[in-house]
Amino acid sequence: MTRSHAPALCLLLFVASLCPAQLSAQTPSDLAGAWALNRQLSQFPSELGFSADFLGALGPGAGPVSGGRGGGRGGGRRGGGGGGTGGGLGAPKIVRVTEEDSQRVSLLTDEVRNPFEHVTIAETPTTVTITPDRAAARTFHPNGKDEDIPVGRVTATVNAHWDGSRLIVVYKAETGRELHYAYSLNANPTQLIVDVEFVEQGGGDKVRRIYEPAASLDTRATATSAPPVAAANPGPAPASSPAAAAAAPIDQRPDAALKGLTKLGVVVEDLSSDAAACSLTRDSLETMVSKHLTDAGFRVVRNSDDDTYMYVNINTTKASTGLCVSRYDVTLYSHAAAPLSHTASPVLLQVELLHKGGIAGGAPAAHADGVVKSVLEYVDQFSARIRNAAK
């Protein structure tokens, strides 16, 4: 009896001896810590998001689908190029897109376009919790199983697992569209590398963001904001000279470019005849945007782009079936004088401070309300970020 159990007992002891090594392989990389985004080392492409092939995903009555690729100023008197919806729609394929789907795509896409400035990561043997600076904490179980987690006002199905030393988190935005995050650690210098990929049929956009230990980045920002030590009798450099611009301190704190804004211009691009047929009017939109900014405490100058201003651009097409489709963008612009590598003196530049955009489709009766609501939500979000930057 004893001899018959001996082989089994030896096998059990051998397997048990392997368990610690297997368990340690489940969390091979310690991502824990407080991390701050390094914008200079990170990628910020001009176009980022899911493809704008939204016509196959919209049917009559469908909600807004934010997050389509494109951005910047669209066509019209001030713009050129991206963001338009174009013509030749044909008959759209009727696939229902729910309001929750559209909100999920919008929120997840906005988080990639406007990455969190600070994140804190905590780990246990079975969980990884990521707490960003402007959203609720998210706890993942890296076991390769689907789980639902809150994302803003909606939920998203997420699958997390370890791939060697990388933590992979897959968000299922909607049918056929996913966001893949890969978190990895670089030892020297110490960096948290976040690779994000928009996964859909035909490929998708990719972007890399670099985070550094928050303490070291904040220390550098404080050091660069200190007044420079004057050289012995160098003679003052003209304020507009390239040498003076190069010597000026750089404020790398989150949303530093928004601090001190109290006055904003408002520019709403002219709308097309299709937009009018879909119940969108420029004057009413300009009035509502101005009111929201005034209520937020800003001094508003309508139809002015002389200084920092809010720019709203909507491109609308009405299909032969009666379906209205709009691409809408809200951008906060400013101006700055800076020398470029190929110029002998500073030049005036237009600077994009904030941007959000989306796509909506539906019947004319409800289409305008949905587009205006989304635009005003973006305006309110920008106002909140400006207020927070002043604290």
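**Figure 1. The disulfide between Cys 278 and Cys 324**. In this predicted model, where local features need pLDDT of at least 70, side-chain atom pairs count only at pLDDT 80 or more, while totals for chains, interfaces and linings use all residues. Residues are numbered from 1 along each chain as its sequence is written, and side-chain values use heavy atoms, with hydrogens and water left out. Here Cys 278 and Cys 324 are joined with an S to S distance of 2.0 Å; a disulfide is a pair of cysteine sulfur atoms within 2.5 Å, and the structure holds one. The torsion about its S-S bond is about -90 degrees, so the disulfide is left-handed. Cys 278 sits in the loop between α5 (273–277) and α6 (282–295) and Cys 324 in strand β15 (residues 324–338), so the link ties together parts that are 46 residues apart in sequence. Helices (H or I, at least four residues) and strands (E, at least two) are DSSP runs, numbered from the N terminus. Cys 278 is buried at 0% relative accessibility, and Cys 324 is buried with a relative accessible area of 0%. Buried means under 20% relative accessible area, exposed over 50%, and partly exposed in between (1.4 Å probe, protein chains only).

**Figure 2. Salt bridges around Arg 282**. A salt bridge is a side-chain nitrogen of Lys or Arg within 4 Å of a carboxyl oxygen of Asp or Glu, and the count comes to 17. Arg 282 meets Asp 270 at 3.5 Å, N to O. Arg 282 belongs to helix α6 and Asp 270 to the loop between β12 (263–268) and α5, so this pair ties together parts twelve residues apart in sequence. Arg 282 is buried, at 18%, whereas Asp 270 is partly exposed, at 45%. Arg 282 also forms a salt bridge with Glu 286, with the closest N and O atoms 3.6 Å apart; Glu 286 is buried, with a relative accessible area of 7%. Asp 270, Arg 282, Asp 283, Glu 286 and Arg 302 are linked in a network.

**Figure 3. The open sheet of ten strands**. The order is β5-β4-β3-β1-β11-β10-β9-β8-β7-β6, with antiparallel pairing; two strands pair if DSSP finds at least two bridges between them. β5 (138–140) and β6 (146–151) stand at the edges with a single partner strand each, so one side of each has no neighbour in the sheet. Further in, six bridges join β10 (residues 191–199) to β11 (residues 206–213), and Glu 197 stands opposite Lys 206 in β11.

**Figure 4. Leu 179 in the largest nonpolar core**. Such a core is a set of buried Ala, Val, Leu, Ile, Met, Phe, Trp, Tyr and Cys residues joined through side-chain atoms within 4.5 Å. Of its 33 residues, Val 169, Tyr 171, Leu 179, Tyr 181, Tyr 183 and Leu 192 touch the most other members. Not counting residues up to four places away in sequence, Leu 179 touches residues including Phe 50, Leu 108, Val 112 and Phe 198; contact means heavy atoms within 4.5 Å. Apart from this core lies another, of 29 residues, among them Ala 275, Leu 293, Val 372 and Ala 389.

**Figure 5. Val 379 in helix α7 (residues 364–389)**. Val 379 is buried, at 0% relative accessibility. Leaving aside neighbours within four places in sequence, Val 379 is in contact with Val 289, His 292, Leu 293, Met 310 and Val 330. Thr 331 is 48 residues away from Val 379 in sequence, with the two 9.0 Å apart in space, C-alpha to C-alpha.
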